[in-house]
Every structure is written in structure tokens, then in C-alpha cells.
Amino acid sequence: MEILLRLFPGLNLNLTMQLVNVAMALGAAAAMAALGRTIFEDSRILRACEAAGLLVWPALLFCQQVYGTIPMLFFVSLAMLCYAKYVKTRRRALGAAFACLLALAYAAKINAAVALIAVTICSVLDALENRKLEPLAYAALAIALSLLLLRAIIWQYERRSGVTLNSGIGALARLTMGMQEGGGAAGWFNRYTERFFPLEVTARQQHDIALADLKARLAEMAQNPAQTAAFFREKFCSQWMEPTMGMLWNGARSEHTGAFGEAAARFFAKDHTVLETLLGAFQRALYAFSVAGIIGMLRDRKRSGLCLLLPLVFFGGALYHLLFEAKSQYAFPYAVLLLPVAAMGICRIEDGLKGKRA
Amino acid sequence: MRVVRMLHRAALAAFVLLLAALTLCALALTAQNGVGDNRMLQVVTLARHRF
């Protein structure tokens, strides 16, 4: 973005990034379809993925949100594709490619750590199964590059500006907020972390305040097990069952000053809308087809270790957002990453129906 | 390796159970968007489905 601005002074970076998001979203959809075909070795998965992707056309609204989510999803989907192809072919260039792409995804948004951990787990199992150290080496390279690239980006800005950047909002503060009420629903963003924005607040102070608040909240939770269970139930369901996945609330056009802001407020002021009904139906179908897809994998005796990759990412994400800050928009990348599993489910159901007819 | 195969199978079985639970919840419940005081904060409430 900085290079673009230097080449074209006066460029509207906000709009440019939204266009880049559109290109990356389409690229991620293509990568997921190719990933499905690579993992499950079934050409029908490609079409099933494309068909399922078309059902989530409102997801293109996500592209108006200038944030790290779509770039992270794009790099993660390409990294997964390279990882799957590396496991199938053992070509070293693909091993290096998935490590570099995961580092780029981590730099775009550190939530890519979920995918990084999933790939590392798959690499460990792969190394054990094939008695080779090479998969472990590429996983270690991915972790090292991820940490180094993010540090290098921060370092070059600090060096050029002469200003030492603070560490920002830490994981502990986000965990503390994720355990609180007071946001859009249980455990959702509630502005707790904004008290740490002033530069006078040191990392040490932030850590101590967040830790004290977390301990107090955990003690409160321990005293009221029923309330705690209700809290986590609401936190989980509110994130994963919100049919629009935040795509109408967030972004340049939808924010309070944006052109869609008023329209979004009017839209949600109504009790029930056709769009929410359609998106809700797709969401339920995605989960149901994914169950069929994983059952299909379980029954497949020739399945490879790659089958674990996408379910691991999905449940890593579910666990992460069950503990840390929640928002329905965070469910979106995981829903996209579940598409190949759902496509596999559609193919297995088709096989079952054909088998019955035959 | 047999241990790795068993791990795969156990993990996939756990994923089936978890995703099936999620599907059942999604069939029974939905999270409805609402308009709160502050439009910067998305507000949702859990509700039973009206098919």
C-alpha cells in the first residue's frame, strides 16, 4: 500500500484496498476449491465448492472492510493449498511456499496463528507416519518466518520514524475482555481494551490490570457455574449462528458515517428479513454438509493425514474465539475454510443417493 | 503407523460430534441482529428459529 501511494500520490487507499479485497476474496475461493480437489482427489469437489461459494455471494460485502481478514484468508488458503500439494508431491519448493505464505498471513492478521498451529500438528503427524524430519523443518520454518516477518515490519517503521512503537493490546487483555459481559453479546467486544490505548499506559501496567480483572472474573465464574455455562453457551452460539457473520455491520460503507449505515440500521430494526433467512439456511446447510463430509472421511480407509487439516483449523478457531474476544465477523474465515469439507459432504450424499437408486 | 492412524480416527470422530452439536444448535437457534444505542457495536440476541 505504501509503495502504491508513493507511485501514485493522491490515490484513494481505502477504495484501492477494497478492490484488492475483492481480488483476494475471489482468489481465496479458487484456492479453496483447488484445495478440496487436492485433499479429496475428487474432481466433483471443485464444482461443489464453486456452487457452495456462490451461495454466499453477500460475503463480497466483506470486501468493504479494510482490515486484515480477507488478506489473511487469501494467504492462508494459498498456504493450505501449497501444504496439501507438498504432502502429495514432496516438492521442496511447495514446502518453502507454504511456510512463506503462512508468514504473510500472520503479518496480515495474527489470527493466522490458528492455521499455523493446525499445519504444525499435521506436520508432526506426517513426520511420525512417514519417519521423515522434512515436514517438521518446513513447519518450523513457517513459525520462524511468521515471527520474524512481523517483527521486521514493525522494526522498519520504527527505524524510519525514530519512534518506538508500543506492543499494542496484548493477548491477556483480549482474553480478559472475552470473559466479560457488556458487549454485543456474552464475551463480545465491549470496548474494555480501549482503556489501554493511551501511550502513557505501559505494557506492564496493561498486563497487571488485565490479569487482576481476569482473576476477579474467573473467581466470579467459579462461584456461579450455571451462569458460567449460560455465558459460554451464549458466546458460542451468538458467534457461530449469526447468519450474516457481521458482513452488513462492518466496513467502510456500513459504519455509522457510511452510505449503508442507515440502511443496515433499518434492515436490522425489522424483526426478520429474507436475507437473514437465506443466509441462515446456508449456514445450517454448511454445518450439516460438513458433518456428512467428516463422516465420509472417517469411513474412507484410504484417507490421508491431510483430512485433519481443515477440521483442525475450524475447531482451533472455535476454541480460540470461545476464550478470546468474540464477534460474528470472526466466524467468516472459518466458514470459508469449511467449504471443501462441506463440498465433500455433498459428494458423499450424492454417492449415497446414487447407490440407493442403483 | 497404527498410533497415528488411531489419532486421525479419534480426532475425526471428535470433529463429527462437535460439528453435529453445532448443527443441532444451528437448527434450533439463531442469533438475531438488533440495533443498539451505539452503531459501532453489533448487538445480537439468541432466539428460537422461525422457519
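**Chains A and B: interface and aromatic pairs**

Good morning. Between chain A and chain B there are 5 residue pairs in polar contact, both residues of each pair being at pLDDT 80 or more. Please bear in mind that this is a predicted model.

Let me turn to the chain A side of this interface. Five helices of chain A, namely helix 6 (113-130), helix 10 (225-240), helix 11 (261-269), helix 12 (274-299) and helix 13 (309-323), each contribute at least two residues to the side that touches chain B. Helix 12 provides the largest share, with 10 residues. Sorted by class, this side of chain A comprises 28 nonpolar, 12 polar and 12 charged residues.

As to extent, 52 residues of chain A are in contact with 37 residues of chain B. The area buried between the two chains is about 4300 Å², and carbon and sulfur atoms give 68% of that area. Across the interface there is 1 salt bridge: B:Arg5 pairs with A:Glu129, with the closest N and O atoms 3.5 Å apart.

I now come to the aromatic residues. Over all chains, the structure holds 14 aromatic pairs. In one of them, the ring centres of A:Tyr86 and A:Phe98 are 6.1 Å apart and the planes stand at 50°, so the pair is tilted. Because A:Tyr86 belongs to helix 4 (residues 69-89) and A:Phe98 to helix 5 (residues 92-108) of chain A, the pair ties together parts 12 residues apart in sequence. Both A:Tyr86 and A:Phe98 are buried.

Finally, which residues do ring pairs link into a cluster? They are A:Trp240, A:Tyr287, A:Phe314, A:Phe315, A:Tyr334 and, from chain B, B:Phe15. Thank you.

Conventions: Residues are numbered from 1 along each chain as its sequence is written. Chains are lettered from A and ligands numbered from 1 in the order in which they are written. This is a predicted model: local features need pLDDT of at least 70, side-chain atom pairs count only at pLDDT 80 or more; totals for chains, interfaces and linings use all residues. Side-chain values use heavy atoms; hydrogens and water are left out. Contact means heavy atoms within 4.5 Å. Buried area is the accessible area (1.4 Å probe) that two parts lose on being put together, summed over both. A salt bridge is a side-chain nitrogen of Lys or Arg within 4 Å of a carboxyl oxygen of Asp or Glu. A polar contact is a pair of N or O atoms within 3.5 Å; within protein, one must be able to donate a hydrogen and the other to accept it, and residues adjacent in sequence count only if both atoms are side-chain atoms. Helices (H or I, at least four residues) and strands (E, at least two) are DSSP runs, numbered from the N terminus. Ala, Val, Leu, Ile, Met, Phe, Trp, Tyr, Cys and Pro count as nonpolar, Asp, Glu, Lys and Arg as charged, and the others, Gly among them, as polar. Rings of Phe, Tyr and Trp (its six-membered ring) pair if their centres lie within 6.5 Å; planes under 30 degrees apart count as stacked, over 60 as edge-to-face and the rest as tilted. Buried means under 20% relative accessible area, exposed over 50%, partly exposed in between (1.4 Å probe, protein chains only).
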